[in-house]
Amino acid sequence: MSSAASSSNAFHASTLQFHGNLLHLAEPRAFASWLRVLFRHDWVVYSKRPFGGPHHVLRYLGAYTHRIAISNSRLVSLSEGNVTFRWRDSAHGNKKRIMTLAVEEFLRRFLLHLLPRGFVRIRNFGFLANRKRATLLPLCFQLLRGSESIPTPATSPSMDQPHLRWNCPACGGTMHVVERLAAAQLLLRSPPKPERCAA
């Protein structure tokens, strides 16, 4: 029996509950309309029995879906506008160390872990995937360093040509190229503050 049919049976048996934004699905006509869309797709579900049982699966997935930026047990103290917390130094054998930051800096770092609306943090993939990271990250850095040595053309078109001029969206002044940065250099630069504008 398909999962959509199972959901329909569970709905009629009153074993499904709807809360929040899904509250309207408690009405039979709305639920049937929502279910009709699901029947239009051919769903292919591959699942196999977990090695250690379902509780191991939940514990494993929970570390990714419900992990927080810093747990309460790592917070040591809050005094005189400073936060002291424990952290793990992975560069030196995962030794536990203590760090103290100003409240503003601590909050800034904490808020870096908040994703924009619609994004979900689950786990890294591609060249950041755990299985390939040790091999692919050094290759990425090597390729980025190589991009710095690409020679620039000896003759460049004059920046005085009207179609090559850029105007500042804030003050309207003409912008000129001061420096060109490679991708590796951009990673070391912090983003400019929005209230500052080059004249």
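Leu114 sits in the loop that links α4 (103–111) to α5 (130–148). This is a predicted model, so keep that in mind as you click through it. With a relative accessible area of 54%, Leu114 is exposed, because anything over 50% goes in that class.

**How the strands pair up**
- Strand β1 (residues 75–79) pairs with β2 in the antiparallel sense, over four bridges.
- One spot to check there is Ser77, whose bridge partner in β2 is Thr84.
- β1 and β2 make a hairpin with two residues between them, and Glu80 in that turn has a positive phi of about 55°.
- On to the next pairing: β2 and strand β3 (residues 95–102) run antiparallel, joined by eight bridges.
- Here Arg86 has Ile98 as its bridge partner in β3.
- β2 and β3 also form a hairpin, this one with five residues between the strands; Gly93 in the turn shows a positive phi of about 70°.

**Thr84, in β2**
- You'll find Thr84 in strand β2 (residues 82–89).
- Its relative accessibility is 11%, so Thr84 counts as buried, the cut-off being under 20%.
- The side chain of Thr84 makes a polar contact of 3.0 Å with the side chain of Thr100.
- Setting aside neighbours within four places in sequence, Thr84 is in contact with Arg74, Leu75, Val76, Ser77, Ile98, Met99 and Thr100.
- Ser77 in that list is also the bridge partner of Thr84.

**Arg97, in β3**
- Arg97 belongs to strand β3.
- At 32% relative accessibility, Arg97 is partly exposed, because that value falls between the 20% and 50% cut-offs.
- Its side chain joins that of Asp89 through a polar contact of 2.8 Å.
- Not counting residues up to four places away in sequence, Arg97 touches Phe85, Arg86, Trp87, Asp89 and His92.
- Take Phe85 from that set: Arg97 and Phe85 are 12 residues apart in sequence, with 8.4 Å from C-alpha to C-alpha.

Notes
Residues are numbered from 1 along each chain as its sequence is written. This is a predicted model: local features need pLDDT of at least 70, side-chain atom pairs count only at pLDDT 80 or more; totals for chains, interfaces and linings use all residues. Side-chain values use heavy atoms; hydrogens and water are left out. Buried means under 20% relative accessible area, exposed over 50%, partly exposed in between (1.4 Å probe, protein chains only). A polar contact is a pair of N or O atoms within 3.5 Å; within protein, one must be able to donate a hydrogen and the other to accept it, and residues adjacent in sequence count only if both atoms are side-chain atoms. Contact means heavy atoms within 4.5 Å. Two strands pair if DSSP finds at least two bridges between them.
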